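Work through the exercises below with the model open. Each task is followed by its solution.

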Amino acid sequence: MKRLAIPRAKKRLGQNFLIDDYVVAQIIQLIKPQHTDHIIEIGPGTGALTDLLVRTKAEITAIEVDRDLARNLLEHYANIATFKLHNSDIMNFDLGSLREQSTEWKIIGNLPYNIATPLIMNLVTHGSLWSEMIFMLQKEVALRLTAKAGARSYGRLSIMAQRQAHISYKFEVNAASFSPQPKVQSAVIRFQPIDDKKNPEIDVYFEKIVRLAFATRRKTLANSLKSLIPTDVIKHAEIDPKSRAENLTIAEYERLALKTLEVLGH
Ligand code: SAM
């Protein structure tokens, strides 16, 4: 099938189209599309990834906000019965409506960089909808999403996202692989659901503690959390009150939230 032409890019929609077939193949290789799959593609653009996805005969649901691109895609794939397109903004899209069709969606996208973080934070809370997600986004955000305790990029985003999903860093993509070239480096990451999310009752404290701890990340926890938690409670959770926000693992934040709930109640 002939490829769609690359149009003049709309910057406000984060349009950087992939033009590197090797990178396209690498991304598709990660998701390993099968004809039995249900796949959501976010921002298909000019179909760089879509072309390979439709060939597998998987059920494809694409969500593209740009009206011109959506029209081109609908024309281009008019004969493909397994291809469906919503000309919608993914940020306003009712994701729950997709659950009727499958709860094992594979979600893929070379994401518009301006919405990547809020979109991912929303998708990780819909863990019962998908079995795998593969995204390309700014390298800096990819590093933050996958960072472990003690790493330079470790922060609130790493913790809040990794509490909801297993996230792994796959590979980097150079600006030269896109048209137009973005100003930043990109990277591909993979999400897998966490089956046994523990203690949802601690969610509120967990969020508050992480937020407070990182608001003053250079301070000791005893100091940064003092408006919420007495130092004794930190000790009872078997956490050193002199440690700093970036040194605690997610399991330790969970332990601290649980102890806080036990002592302070709801
Ligand atoms: N998938 C194509 C590729 O790899 O070449 C295009 C990727 S481009 C980085 C991002 C795409 O997302 C563009 O097609 C853009 O129009 C679309 N997009 C931007 N904001 C969107 C939104 N809020 N909802 C759905 N699509 C969006």
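The exercises cover the ligand site and then the domains. This is a predicted model, in which local features need pLDDT of at least 70, side-chain atom pairs count only at pLDDT 80 or more, and totals for chains, interfaces and linings use all residues. Residues are numbered from 1 along each chain as its sequence is written, and side-chain values use heavy atoms, with hydrogens and water left out.

**Exercise 1.** Find how many residues surround the ligand, and sort them by class.

Solution. 
1. Count residues with a heavy atom within 4 Å of the ligand: there are 23, and the closest are Leu-18, Gly-43, Glu-64, Asp-89 and Asn-110.
2. Take Ala, Val, Leu, Ile, Met, Phe, Trp, Tyr, Cys and Pro as nonpolar, Asp, Glu, Lys and Arg as charged, and the others, Gly among them, as polar.
3. The shell then splits into 12 nonpolar, 7 polar and 4 charged residues.

**Exercise 2.** Describe how domain 1 and domain 2 are placed.

Solution. 
1. The domain assignment gives domain 1 as 11-193 and domain 2 as 200-264.
2. Their C-alpha centres are 33 Å apart.
3. With contact meaning heavy atoms within 4.5 Å, 11 residues of domain 1 touch 16 residues of domain 2.

Methods
Domains from an automatic or database assignment.
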